[in-house]
Amino acid sequence: MAITSANQLELLQTAEAVAREKMIDPGLVIEAMEESLARAAKSRYGAEMDIRVAIDRKTGRATFTRVRTVVEDDAVENYQAEMTVKQAKQYLADPQIGDVFVEEVPPVDLGRIAAQSAKQVILQKVREAERDRQFEEFKDRKGTIINGVVKREEYGNIIVDIGRGEAILRRNEKIGRESYRPNDRIRCYIKDVRREPRGPQVFLSRTDPQFMAELFKMEVPEIYDGIIEIKAVARDPGSRAKIGVISYDNSIDPVGACVGMRGSRVQAVVNELQGEKIDIIPWNEDQATFLVNALQPAEVAKVVIDEEAGKIEVVVPDEQLSLAIGRRGQNVRLASQLTGLDIDILTEEEESRRRQAEFAERTKLFVEALDLDEFFAQLLVAEGFTSLEEVAYIEIDELLSIEGVDESTAEELQARARDVIEEQNRKALENARALGVEDSLISFEGLTPQMVEALAKDDVKTLEDFATCADWELAGGWTTVNGERVKDEGILEKFDMSLEEAQHLVMTARIQLGWVDPAELEAEAEEGEEEEEAEA
């Protein structure tokens with residue numbers, strides 16, 4: 001195919017037609033044509049030549065040019081596209097390094113192979129432009145619901161036609177055993193929109209908790225208007241879900257508004273989610289109250305919150321235990337997701353036994369360590385003392401408030417407790433040094449001798465060793481193995497060290513060793529705060 005005046009106009013018309021069909025800029029199609037023609041010309045004139053093609057946007061005339069760049073004498077690598085200053089003098093009046101010499105070359109006739117290659121280049125460019133357009137169109141729709149039509153199924157994944165492009169609903173994002181046939185209508189949540197080198201860029205979900213929240217926003221006008229807010233959502237897709245709602249208008253019941261007249265609103269959401277049972281729970285700022293609501297329909301006798309450890313203990317009557325836990329732990333798992341806390345459920349009998357065991361253990365500690373009689377030790381435990389450190393370093397007025405304790409008794413108690421702690425520290429340091437711990441770790445602020453001994457037993461013997469530890473290795477944490485949560489015991493967990501404290505200590509060690517620049521940390525923290533403010 002020769003680029004002649006007969007088909008110049010046809011070239012522009014083809015570009016317009018492709019651009020209109022694919023809904024992209026005609027200029028992008030013409031650029032793709034220019035690149036494809038340049039590639040075909042290189043195959044004719046030589047791949048080393050710098051051949052460029054320019055198509056006039058009005059007439060459709062294609063101009064083929066050869067470009068050569070002036071370089072230093074010893075820098076010529078490609079004689080077809082570069083030349084020295086001396087060589088350039090026959091083409092340019094006063095050539096300088098970096099100048100270019102452009103000369104027009106005859107147009108090429110595209111053979112069958114060259115035409116096919118040009119077609120592939122154009123199609124590739126058009127596909128790239130389509131993907132860019134699709135990304136720009138859908139990037140701001142992330143987090144919303146979209147209706148589409150099922151096109152086909154690939155290895156369990158559903159390809160969905162969403163109007164101006166395709167999206168993918170992965171197998172693990174479908175509810176239960178949902179199956180779809182081509183041309184079925186489907187409603188999904190846009191979970192992510194990202195640039196991919198090939199294939200769909202819009203990722204859909206029907207299992208994401210926010211899918212249910214968006215469905216409620218569509219069914220409940222009060223949520224759409226901001227009068228009612230969805231504070232938390234937890235789902236076991238296709239089976240059960242819990243949603244926490246709050247009303248900013250005292251005259252509107254948030255639960256009633258979400259349920260609707262005779263359950264019409266919630267039923268519309270349930271039908272879309274394949275019969276998923278939904279518990280609508282009133283949100284409360286008080287964690288304990290909200291948790292009691294979240295564990296419905298089980299009745300809760302008592303809630304104990306450990307804010308430092310991020311744990312919560314729920315005590316229920318013996319006959320309510322199975323109801324609180326739910327089938328396969330579903331009820332307590334959803335309540336945990338809803339509140340963001342680890343929940344331990346105990347019966348009243350189990351809690352009573354545990355309290356008695358803790359009481360006896362602490363009593364024994366005070367009897368043996370402080371040489372007290374059992375009655376006095378029990379009195380200290382009953383007053384809330386749990387460790388020798390609390391007795392040794394608490395304000396003396398706290399001890400004087402205990403009935404039967406005068407000033408001399410309180411001073412004697414604290415002296416005994418301090419002597420025991422100092423002896424324990426001395427032995428711990430001796431053991432740590434015997435295990436080979438360096439002074440850099442012993443003198444590190446924030447670690448007690450007992451902590452240093454525990455670290456040494458775990459082969460952490462230098463400040464460098466300590467700085468390489470992860471926060472969860474020190475404070476403990478949870479990992480998921482085969483779908484079940486497994487506890488990781490931390491080296492310093494028995495000292496009630498939180499993840500935040502562990503993170504601070506490790507980062508301080510890294511700063512001391514010069515591994516981390518504190519100025520960079522501050523800049524990152526400020527940047528994170530700015531991002532949070534922007535999101536808010």
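Mentor: Start with pairing: two strands pair if DSSP finds at least two bridges between them. Helices (H or I, at least four residues) and strands (E, at least two) are themselves DSSP runs, numbered from the N terminus. Here strand S11 (residues 240-247) and S12 are joined by six bridges and run parallel. Within that pair, Arg240 sits opposite Lys277 in S12.

Trainee: Before we go on, what sort of model is this?
Mentor: This is a predicted model, in which local features need pLDDT of at least 70 and side-chain atom pairs count only at pLDDT 80 or more, while totals for chains, interfaces and linings use all residues. Residues are numbered from 1 along each chain as its sequence is written, and side-chain values use heavy atoms, with hydrogens and water left out.

Trainee: How many helices and strands does the protein have?
Mentor: There are 22 helices and 17 strands.

Trainee: Back to the sheet with S11 and S12, then. What is its strand order?
Mentor: The order is S10-S11-S12, an open sheet of three strands with mixed pairing. Strand S10 (228-236) and strand S12 (277-282) are the edges, each with a single partner strand, so one side of each has no neighbour in the sheet. On average, neighbouring strands of this sheet are turned by 20° against each other, direction ignored. For angles, axes are lines fitted to C-alpha atoms, for helices over the stretch in contact, and the values run from 0 to 180 degrees between N-to-C directions. Helix H11 (residues 330-339) packs on this sheet, touching S10, S11 and S12, and its direction makes about 140° with that of S10. Contact means heavy atoms within 4.5 Å.

Trainee: Which strands make up the closed barrel?
Mentor: Five strands, running S5-S6-S7-S9-S8 with mixed pairing. Neighbouring strands there are turned by 55° against each other on average, direction ignored. Strand S5 (residues 145-154) and strand S8 (residues 185-193) run antiparallel, joined by five bridges, and Val149 stands opposite Arg185 in S8. Helix H5 (residues 209-219) lies across S5, S8 and strand S9 (202-205), at about 120° to S8.

Trainee: Is Thr84 buried or exposed?
Mentor: Buried means under 20% relative accessible area, exposed over 50%, and partly exposed in between (1.4 Å probe, protein chains only). Thr84 counts as buried because its relative accessibility is 13%. Thr84 belongs to the loop between strand S3 (82-83) and helix H3 (85-88). Beyond its neighbours within four places in sequence, Thr84 is in contact with Val70, Val71, Asp73 and Val76. Across the protein's 536 residues, 39% count as buried.

Trainee: And how do I read the salt bridges?
Mentor: Look for a side-chain nitrogen of Lys or Arg within 4 Å of a carboxyl oxygen of Asp or Glu. By this rule the count comes to 23. One of them links Arg52 and Asp50 at 2.9 Å, N to O, and Arg52 is partly exposed at 46% relative accessibility. Another joins Arg152 and Glu154 at 2.7 Å, N to O; Arg152 is partly exposed at 33%, as is Glu154 at 32%.

Trainee: How far apart are the closest N and O atoms of Glu358 and Arg354?
Mentor: They are 3.7 Å apart. Because Glu358 and Arg354 are four residues apart in helix H12 (residues 348-370), about one helical turn separates them. Salt bridges with shared partners also join Lys151, Arg152, Glu154 and Glu166 into one network.
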